[in-house]
Amino acid sequence: MTESAQVRVFGIRHHGPGSARAVMRALAEFEPDTVLIEGPSDADPLAALIASDDMQPPVALLAYATGEPANSAFWPFAAFSPEWQALRWAIMHDADVRFCDLPAAQQLALDREPGQDRPDPLGALAAAGGYDDFEQWWDTVIESGTTDGDHDHSADFDAIAEAMAALREDIELDGHTVRREAHMRQVLRSTVKAGALKIAVVCGAMHAPALTGALGPAAPDVRLLKGLPKVRTSLTWVPWTHSRLTSASGYGAGITSPGWYHHLFTQQEDTVTRWLTRVAWTLREHDLPVSSAHVIEATRLAGSLAALRNRPLAGLAEITEATRAVLCDGDDVLLDFVTRTLVVGEALGSVPDTTPTVPLDADLQATSKTLRLKRSAHSKALDLDLRKQTDLARSRLLHRLRVLGIPWGTPRVSDVRSTGTFRESWTLQWEPELSVSIVEASCWGTTVESAAHALVLERACDRNATLAQVVVLLDEALLADLRDAIPELLRSIDTAAALDHDIAHLMAALPTLIRTLRYGDVRGTDLSSLSHVADALLVRICAGLPAATAGLDTDAADVLRREIDAVHSALALRNDTESTNRWLDTLAGIAGRDEVDGMLTGRIVRLLRDMGRIDEQDTAVRASRALSIGSEPAAKARWIDGFVGDGALLLIHDRGLLTLIDRWVSGLHRQDFVDILPVLRRTFGGFESAERATLGAILRGGAAVRTTAAVDVERGTRATAATALILGV
């Protein structure tokens with residue numbers, strides 16, 4: 001190091017607002033011509049983008065292996081991050097700015113050494129100051145500290161470096177940290193050699209001792225860095241959120257309260273009062289009774305708690321206790337809401353349009369802008385009417401993104417009651433990790449549509465894809481309006497159906513096929529070729545189902561019952577007479593077979609009765625036969641479970657059937673009753689409490705239910721006419 005070069009090392013706490021203010025003051029005093037900042041050194045070309053007004057933190061540097069986007073890493077920055085303020089200062093004061101950490105190309109290639117149990121040096125520093133928690137110590141000593149206008153701010157950083165040097169003597173640094181610090185020293189040496197006269201280094205406090213004073217010979221560092229593996233890497237800026245800065249998000253230098261730290265950084269006067277006013281405002285927005293008197297009392301309580309603990313100012317711990325006691329009236333649920341909304345927060349940053357990105361992301365941004373879909377870290381409900389072109393285009397985009405594994409939108413149950421297929425409801429929330437998902441999906445195409453199309457066809461051509469999986473792909477392609485992929489998907493379904501002889505697989509695929517038929521008219525997709533595929537599947541199901549129902553154990557029978565219910569519901573949805581009759585004929589042939597599990601025969605009898613294939617008298621005969629002497633009690637209980645399951649109204653209105661079941665249960669021997677009690681409890685426990693009460697009253701003779709009722713033709717005619725008028729028929 002030349003004697004003419006002055007070097008100041010500012011050891012900071014990542015994402016510390018007090019550190020950020022101290023760095024800004026120290027830089028203003030020192031006025032360096034070069035600023036070195038802890039961060040991947042191959043990100044230097046991206047530093048200039050910070051000057052753009054469209055670059056609004058929180059943001060993050062994203063580095064990913066060009067051929068393997070899943071191998072990625074983030075370096076987040078918030079407005080209160082010292083590194084961010086140092087970057088801004090350097091750009092605004094025309095100082096050279098460089099990142100000095102290991103290049104991302106090497107960090108992504110290196111196998112990180114497993115973490116070892118070792119003392120926490122920062123925790124030890126807090127403990128030496130009489131604090132159990134490092135966060136509280138930093139809040140009091142640094143973040144919430146006052147500033148003397150004549151104070152030498154560089155001396156603060158010198159003291160921190162000395163403390164870190166003492167702590168480093170008792171710990172063993174891992175190999176990755178040693179390599180990182182070696183690279184930082186090499187960058188510092190090259191900066192001095194390039195002629196810089198005043199150099200400021202902004203890095204984590206733990207690294208400060210390694211960069212302070214004489215750097216020593218370069219040879220040991222060169223040997224450490226020689227031969228390190230590299231991968232081809234791409235870097236860019238991406239929006240970030242406050243919640244992703246938290247320790248719970250998995251970020252190594254995470255903090256627990258980014259929203260609070262942002263407030264500390266931006267509101268340096270009346271910090272506590274302004275914060276509690278924000279809390280009160282937020283609670284009032286949710287119709288909670290919080291007045292100015294509450295704010296005043298909470299401010300007093302926070303100050304009193306700080307005085308009791310011998311602290312100069314109230315920190316987050318005192319403010320949280322005051323919030324719980326006064327503003328939340330001791331309610332931890334409200335306190336948790338305040339923590340999520342304000343203490344953590346959900347601020348989402350933005351990056352300039354000129355930021356390097358993959359073509360797929362550029363297409364997504366352009367399409368989103370056209371459709372007026374804005375990225376937000378907050379959860380937002382979106383209701384779409386598919387009869388409108390804009391909403392239909394939004395639906396297609398969101399479905400295509402789901403195909404690509406980019407879940408910006410998640411389907412939800414609408415708050416608006418509707419049985420039509422023209423309405424969709426979504427929940428939109430942008431997560432920073434979706435930027436990586438976009439990069440990963442970019443290998444399939446340069447636009448959202450082309451990428452989704454290519455990915456669907458790739459999955460359909462997979463030899464290991466089951467029939468049900470290919471049918472789901474068809475459903476996704478229809479929802480995403482990937483028209484060019486549909487013919488190939490239909491051929492894949494034909495092939496998979498011909499090769500798949502498992503009735504369960506065929507039954508699992510049919511409901512999805514029939515459900516997709518409902519979207520043809522709304523989305524303008526020709527699905528005429530899909531009908532014959534569904535018909536062919538039904539023929540094979542009806543041919544193979546009788547054999548598939550024989551000799552099943554209870555678990556397999558339960559699974560098959562759910563498949564039968566799904567197929568039955570799907571055929572009712574399709575409303576095709578020929579298909580329905582074929583299905584009911586198959587069920588009728590199974591209903592009277594003794595070798596079929598009682599769960600299945602009971603369910604099939606119920607379905608046939610609901611469809612009018614058998615009348616009440618025939619139903620009673622079949623129930624009597626199933627509950628007659630000769631069958632095991634467990635088998636009889638399963639028949640009842642299959643027949644009655646989710647059908648309390650049937651028993652309420654069919655007194656004969658209810659009486660038959662009551663007599664059977666009453667006549668059971670004690671041990672038999674105990675054995676079948678779990679099955680009966682599962683059957684009748686699924687009824688609503690009011691239904692169970694009505695059944696009990698009927699059996700006690702305290703309620704009467706008419707099994708037949710006179711039809712009022714005149715009233716029915718008026719109701720029918722009114723309904724037709726409403727529907728415009």
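This is a predicted model: local features need pLDDT of at least 70, side-chain atom pairs count only at pLDDT 80 or more; totals for chains, interfaces and linings use all residues.
Q: Why is D585 called partly exposed?
A: D585 has a relative accessible area of 45%. The buried class is under 20% and the exposed class over 50%. The value falls in between, so D585 is partly exposed.

Q: What makes R613 and D585 a salt bridge?
A: Their side chains meet at 2.9 Å, N to O. The rule asks for a side-chain nitrogen of Lys or Arg within 4 Å of a carboxyl oxygen of Asp or Glu. The pair therefore qualifies. R613 sits in the loop between helix 26 (598-610) and helix 27 (616-626), and D585 in helix 25 (residues 577-591). They are 28 residues apart. R613 is partly exposed too, because its relative accessible area is 35%.

Q: Why are R185 and D221 called buried?
A: R185 has 14% relative accessibility. D221 has a relative accessible area of 4%. The limit is under 20%, so both count as buried. Their side chains also meet in a salt bridge, 2.9 Å from N to O. This pair links helix 7 with helix 9 (residues 219-225), 36 residues apart.

Q: How do you know that E181 forms a salt bridge with R168?
A: Their closest N and O atoms are 2.8 Å apart. The cut-off is within 4 Å, so the pair passes. E181 lies in helix 7 (residues 175-193) and R168 in helix 6 (residues 153-168). Both residues are buried.

Q: How many salt bridges does the rule give?
A: The count is 28. E38, D101 and R180 are linked in a network of them.

Q: Which residues have the most contacts inside the largest nonpolar core?
A: They are L467, L474, M507, W583 and L587. This core has 137 residues. Helix 23 (residues 528-548) gives the largest share, 8 residues. Another core lies apart, with 37 residues, among them A22, A26, I50 and A200.

Q: What is L587 in contact with, leaving aside neighbours within four places in sequence?
A: Its contacts are L545, I564, H568, I604, L607 and L608.

Terms used:
Residues are numbered from 1 along each chain as its sequence is written. Side-chain values use heavy atoms; hydrogens and water are left out. A nonpolar core is a set of buried Ala, Val, Leu, Ile, Met, Phe, Trp, Tyr and Cys residues joined through side-chain atoms within 4.5 Å. Buried means under 20% relative accessible area, exposed over 50%, partly exposed in between (1.4 Å probe, protein chains only). Helices (H or I, at least four residues) and strands (E, at least two) are DSSP runs, numbered from the N terminus. Contact means heavy atoms within 4.5 Å.
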